[in-house]
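Keep the coordinates open while reading.

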Amino acid sequence: MMPPTLDLSQSTHAKMIVSPPRINLRRAASYQHEKAPLSATSSRFNFNHLMFSPPPSPGLPALVPRPRKISNGPRPSRVVRAVMWVLGLALVTFVVRAVVRKEVSVPVVSWALDREEYEMVGQYDLPDFPTPIAVTDRSGRSKWTVSIPPTYSFPLSVKEYSDICVKCQEVAAHVRELHGHTSQAQTNYYYEDPYFIDVKDAEKRGLLPGVEGKAWKVTAQAQDGHLVGDRADGLVDRGICKTSLTFVLESAGAGLGPTLMMLWMAYGLAQKEKRSFFIDDSRWVYGEYMAIFKPPPMPDCNPPPRHEMVPCPHTARHLVVSPATASETFGKNFNAEYENHRRSNVDREKPKYDLARTGYEALFRLNDEDHPYVEHRVKELRSRAKATDGAYHDGMIVGVHIRHGDLHPYEYQYNGAYIPLTIYAQRSKEIIEEYHNSTTPLGGDLVAKHSFSIVASDDPDVYETEEFSSSIRAQEQIKLASKQHIQSANPDKSVMHKFVDETFGWEGGFFATMFWNLGRSTINNANAAGKSQPSLRPSAETMRLRGLIGRAYAMDLAVLGQASDTVICTMSAMACRLIAVIMGWEKAMDDGKWVNIDGDFQWTALSL
C-alpha cells in the first residue's frame with residue numbers, strides 16, 4: 001500500500017520559503033508555547049510554523065543590545081587628570097601668545113665647526129660660548145647673527161675675537177648658499193648683508209632667546225669690563241646709544257705704537273659713521289688708560305649691553321674694535337674704501353691720515369702731571385731756538401727718533417741690524433745746512449748757532465754716543481736707564497741701599513720679553529720661560545713700571561711732534577708714523593718736514 005502523499009495545492013499561500021539544508025528548522029520548545037512532536041508521523045504535527053516564522057539570519061544584529069563590558073583596568077587619578085589639563089592649557093596659551101606676538105616658536109640654530117661642518121640645534125640649545133650662528137625659522141628663512149651669552153665676561157679674549165671674525169665670513173657664506181647664492185667675498189666695506197640680523201632685532205623676533213626684565217638690563221650694563229670715563233650713575237639718566245664703536249685696549253703684542261694708531265683711527269671712523277665711542281681698558285697691558293691720558297669725550301648716552309657688542313660685520317649696530325680684529329676693521333676692504341685711488345703718491349693715504357688726525361686731536365691729551373711738563377718743555381725748546389741777537393730767522397729744531405730693540409728696518413741691507421747712527425746724524429746736519437743756506441746772508445751764522453737736534457730713543461745708550469752726545473733729550477720727566485747708570489747710582493756696595501734685583505736695564509732698546517718680565521724676579525722669569533707671558537697675571541709693581549714706559553713713550557711723541565721743525569725717523573717704527581700725524585699733513589707731507597730714512601717708503605697708517 002502506497003503511503004499517502006502530501007497535497008499542498010490547496011494551501012492559501014502562493015509561495016513557500018525553503019530553508020537551506022544546514023539550518024535546523026526545529027522550533028524551540030518554548031516557541032508559541034507548543035510542545036515538540038513525539039514523532040515525524042504524528043498527526044498533531046504540521047508545517048504551519050515553517051511558513052509563518054522568520055528564518056534566523058546570522059548576519060543581522062541582535063534585537064536586544066549587548067551588555068557593556070566592565071573594564072577591570074585602573075582609572076587615572078584626579079591628580080594625573082589635573083596635571084594633563086594644566087599642561088594642555090599651558091600649551092594652548094603658548095601657541096596663542098606666539099601667534100599674537102608673531103614670534104617663531106622653535107627656530108633651528110646652527111654654527112660653524114671644524115672642517116666645514118655645522119652643528120644644528122633648537123633655539124634653546126644655543127652654544128654657551130660666543131660664535132656666529134645661522135638661524136632658520138619655521139618658515140624656512142635663514143638668517144645669521146652673532147650669539148654671545150648675556151652673562152659672558154666682557155671683553156672677550158683676543159683669541160675669541162679673532163675666531164669670531166673668521167667664522168663670521170664662514171657662516172655668512174653658508175647662509176648665502178642656503179639662499180642659492182654663490183659664496184663670493186664682498187669687497188665693499190659698507191656692504192649690508194641682507195641675511196644678517198642684529199642681536200637686538202634677533203631677540204625681538206624670537207630668533208635669539210634673550211633675557212627680559214629690568215633687573216637683567218642693569219646687570220648686563222654693569223657686568224665685567226671697564227669703559228673709560230663711563231659714569232656708573234648714568235644708567236638712569238641717559239638712554240642706550242643707537243649705534244656705537246667700542247675700542248678694546250688689549251693685544252698680544254707689547255708695543256704701544258700700533259695700539260695708539262688703531263685707537264686714533266677707530267675714533268675717527270666712529271665720528272665719520274656717527275657712532276658713539278667708548279674705550280675699554282680692562283686688560284690693557286699698560287694699566288689704566290687714565291694713568292697716561294685724560295678720559296675721552298663721552299657721549300650723552302649709555303653703552304649698550306655687552307652681549308650686543310660684536311666684532312663683525314662692520315655694519316653691526318654696536319661694533320667692537322681691537323688689535324685682535326684689526327684685519328676685519330682696517331683690512332683690505334677698509335683700504336679700498338679709504339684710499340684715494342686717483343693718486344699714486346702719499347696723497348693716496350690722505351683719507352686714512354685724516355681719520356688718525358681726528359683721533360689724535362680728541363684723544364692725545366696727557367694726564368694732569370705730564371701735560372703741563374710737555375707744554376713747558378716745548379716752550380723751553382722753542383725759546384732756545386729763537387734768535388734774539390739780530391738774526392732774521394730763528395734756529396731750526398731737528399727731531400730724531402731712533403728705534404732699536406726687537407724692531408729692525410725695512411731696508412734690506414740693514415734688515416738684520418739697525419740703521420747706523422751716522423746716517424741719522426748726517427741727515428740732521430744736511431737739513432740744518434740746507435736751512436742755513438736758504439736764509440739771508442745777514443744773520444745766517446746766527447741761525448746755525450741756534451739750530452740743534454732733540455733725540456728720543458728706546459735705547460738709553462744712544463744718548464751717550466759720539467753722534468748724539470751733544471743733542472738734547474726730548475723729555476727728561478721719565479728716562480729709561482741702562483744697567484751701567486743704575487749701578488753707578490750705588491757705587492759703594494758696603495753702603496746700605498734699596499735692594500735692586502740683579503740690576504735690570506734697557507740696553508739695546510725695547511724688547512717684548514723684557515717688557516713682559518718687568519717687576520718679576522729672575523726666579524719667576526725662569527719658571528715662566530715656557531709660558532705665555534701675557535697670560536701671567538702681572539703684579540702691582542709690574543703695572544706701575546709698564547705705566548711709566550707708556551708715559552715716557554707718549555711724552556717723547558708729544559715733544560718731537562710739537563717742538564720739531566723737521567723730524568727724522570724710520571717708517572718701520574710706528575712712533576715715526578704717529579709723529580707724522582702729530583705734525584699735521586701740511587707740515588709733514590706738503591712741506592716735506594717728515595723725513596723717512598728707512599728705504600723709499602711713503603707714509604701709511606698700518607701694516608697688517
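The crossing of helices α7 and α18 is left-handed. This is a predicted model, and in it the axes of α7 (residues 257–272) and α18 (residues 574–583) come within 8 Å and cross at roughly 35°. From the α7 side, the contact is made by Gly257, Pro258, Leu260, Met261 and Trp264. They meet Met574, Arg577, Leu578, Val581 and Ile582 in α18. Taken by residue class, this contact divides into 8 nonpolar, 1 polar and 1 charged.

Turn next to the sheet. Strands of a sheet pair through backbone hydrogen bonds, either parallel or antiparallel. Here, 5 strands form an open sheet with parallel pairing, and their order is β10-β9-β8-β11-β12. At the edges are β10 (472–473) and β12 (594–596), each of which pairs on one side only.

Within the sheet, which strand is joined to β8 by 6 bridges? The partner is β9 (residues 452–457), running parallel to β8 (residues 397–402).

Helix α12 (residues 421–438) lies across β8, β9, β11 (566–569) and β12, and runs at about 165° to β8. Helix α17 (residues 540–563) also packs on the sheet, where it touches β8, β9 and β11. The direction of α17 makes about 155° with that of β9.

Methods
Residues are numbered from 1 along each chain as its sequence is written. This is a predicted model: local features need pLDDT of at least 70, side-chain atom pairs count only at pLDDT 80 or more; totals for chains, interfaces and linings use all residues. Side-chain values use heavy atoms; hydrogens and water are left out. Axes are lines fitted to C-alpha atoms, for helices over the stretch in contact, and angles run from 0 to 180 degrees between N-to-C directions. Helices (H or I, at least four residues) and strands (E, at least two) are DSSP runs, numbered from the N terminus. A crossing is left-handed if the near helix is turned anticlockwise from the far one by less than a right angle, and right-handed if clockwise. Contact means heavy atoms within 4.5 Å. Ala, Val, Leu, Ile, Met, Phe, Trp, Tyr, Cys and Pro count as nonpolar, Asp, Glu, Lys and Arg as charged, and the others, Gly among them, as polar. Two strands pair if DSSP finds at least two bridges between them.
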